[in-house]
Amino acid sequence: VSMKKTLLALALIGASSTAMADSWIYAGASGGSADWDNSSDTSTAVSVHVGTGILPFIGLEAGYNDFGEVGGLSASSVYFAAKPSIDFGPLHVYAKGGLHKWETKLGSATNDDVDMMYGVGAEYFIMGPFSVGANYMNYTLDNTDIGVLSISGTFHFL
């Protein structure tokens, strides 16, 4: 009897974690390393994001990135992306693709434009509505690519 209760509890935990992965509203933050144009130039990148799971296998996400500074040049962006995903119990695997409005600053000179962004990632629900994950995102800034490898924490509200 106790084995059946244990299996039932594990099944319910797995089902609730899967349901949270397709939540209506979620928000989180991440931090990691930004690689500028596949060179030895790296900086610390931080970001925040908010999103919604509009359908079970696709969502929409928006966020802000601060890519840090390399050689006096700093960069940041705001993005909007589609986020297709699939769940394997408490493991949530996803891709992102969309546009971002970026800005670079070097001294008093600024440059900005809109370009593509894309990436892949996974998150694991560790406790109720909270997940931790890792992802790789690539942001095009005119003729420069910034690849960001980061870890994240996300809270799923609904």
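Contact here means heavy atoms within 4.5 Å.

I'm working on a predicted model, where local features need pLDDT of at least 70, side-chain atom pairs count only at pLDDT 80 or more, and totals for chains, interfaces and linings use all residues. Residues are numbered from 1 along each chain as its sequence is written, and side-chain values use heavy atoms, with hydrogens and water left out.

**Entry 1: Phe130**

I found Phe130 in strand 7. Strands are DSSP runs (E, at least two residues), numbered from the N terminus. Not counting residues up to four places away in sequence, Phe130 touches Tyr124, Phe125, Gly153 and Thr154. Its relative accessible area is 32%, so I logged Phe130 as partly exposed. My cut-offs are under 20% relative accessible area for buried, over 50% for exposed, and partly exposed in between, with a 1.4 Å probe and protein chains only. I also checked Phe130 against Phe157: they are 27 residues apart in sequence, and their C-alpha atoms are 9.2 Å apart in space.

**Entry 2: the overall fold**

Next I traced the strand order. I get a closed barrel of 8 strands, running 1-2-3-4-5-6-7-8 with antiparallel pairing. From one strand to the next, the twist averages 25°. For that angle, axes are lines fitted to C-alpha atoms, and angles run from 0 to 180 degrees between N-to-C directions. Two strands pair if DSSP finds at least two bridges between them.

How many bridges join strand 1 to strand 8? I count 11, and the two strands run antiparallel. Asp35 stands opposite Gly147 of strand 8.

**Entry 3: the other pairings I looked up**

- Strand 1 (residues 26–36) is joined to strand 2 (residues 42–55) by 10 bridges, antiparallel. Ala27 sits opposite Val50 in strand 2.
- Strand 4 (residues 73–88) pairs with strand 5 (residues 91–106) over 14 bridges, in the antiparallel sense. Ser74 has Lys105 of strand 5 opposite.
- Strand 6 (residues 109–127) pairs with strand 7 (residues 130–141) over 10 bridges, antiparallel again. Glu123 faces Gly133 in strand 7 as its opposite residue.
- Strand 7 pairs with strand 8 (residues 144–156) over 12 antiparallel bridges. Asn135 has Ser150 of strand 8 as its bridge partner.

**Entry 4: turns**

Strands 1 and 2 form a hairpin with 5 residues between them, and Asp37 in the turn has a positive phi of about 55°. Strands 6 and 7 leave 2 residues between them, with Gly128 in the turn at a positive phi of about 55°. The hairpin of strands 7 and 8 also has 2 residues between the strands. There I flagged Asp142, whose phi near 60° is a positive value in a residue other than glycine.

Is Ser30 buried or exposed? Ser30 is buried, with a relative accessible area of 12%. It lies in strand 1, and its side chain makes a polar contact with the side chain of Ser47 at 2.6 Å. (A polar contact is a pair of N or O atoms within 3.5 Å; within protein, one must be able to donate a hydrogen and the other to accept it, and residues adjacent in sequence count only if both atoms are side-chain atoms.) Beyond four places in sequence, Ser30 touches Ala45, Val46, Ser47, Ser150, Ile151 and Ser152.

Phe155 is in strand 8 and comes out partly exposed at 36%. Leaving aside neighbours within four places in sequence, I find Phe155 in contact with Ile25, Tyr26, Ala27 and Pro129. Its C-alpha is separated by 9.7 Å from that of Ser23, 132 residues away along the chain.

**Entry 5: charges**

My search of the whole structure turned up 4 salt bridges, a salt bridge being a side-chain nitrogen of Lys or Arg within 4 Å of a carboxyl oxygen of Asp or Glu. Lys83 forms one with Glu61, closest N and O atoms 3.6 Å apart. Lys83 lies in strand 4 and Glu61 in strand 3 (residues 58–70), so the pair ties together parts 22 residues apart in sequence.

Lys96 meets Glu61 too, at 2.5 Å, N to O. Since Lys96 lies in strand 5 and Glu61 in strand 3, this pair ties together parts 35 residues apart in sequence. I noted Glu61, Lys83 and Lys96 as a linked network of salt bridges. Glu61 is buried at 1%, Lys96 is buried at 9%, and Lys83 is buried as well.

Lys105 pairs with Glu103 at 3.8 Å between the closest N and O atoms. Here Lys105 counts as partly exposed at 39%, and Glu103 counts as partly exposed at 30%.

Methods
Helix = DSSP H or I, 4+ residues; strand = E, 2+ residues; numbered from the N terminus.
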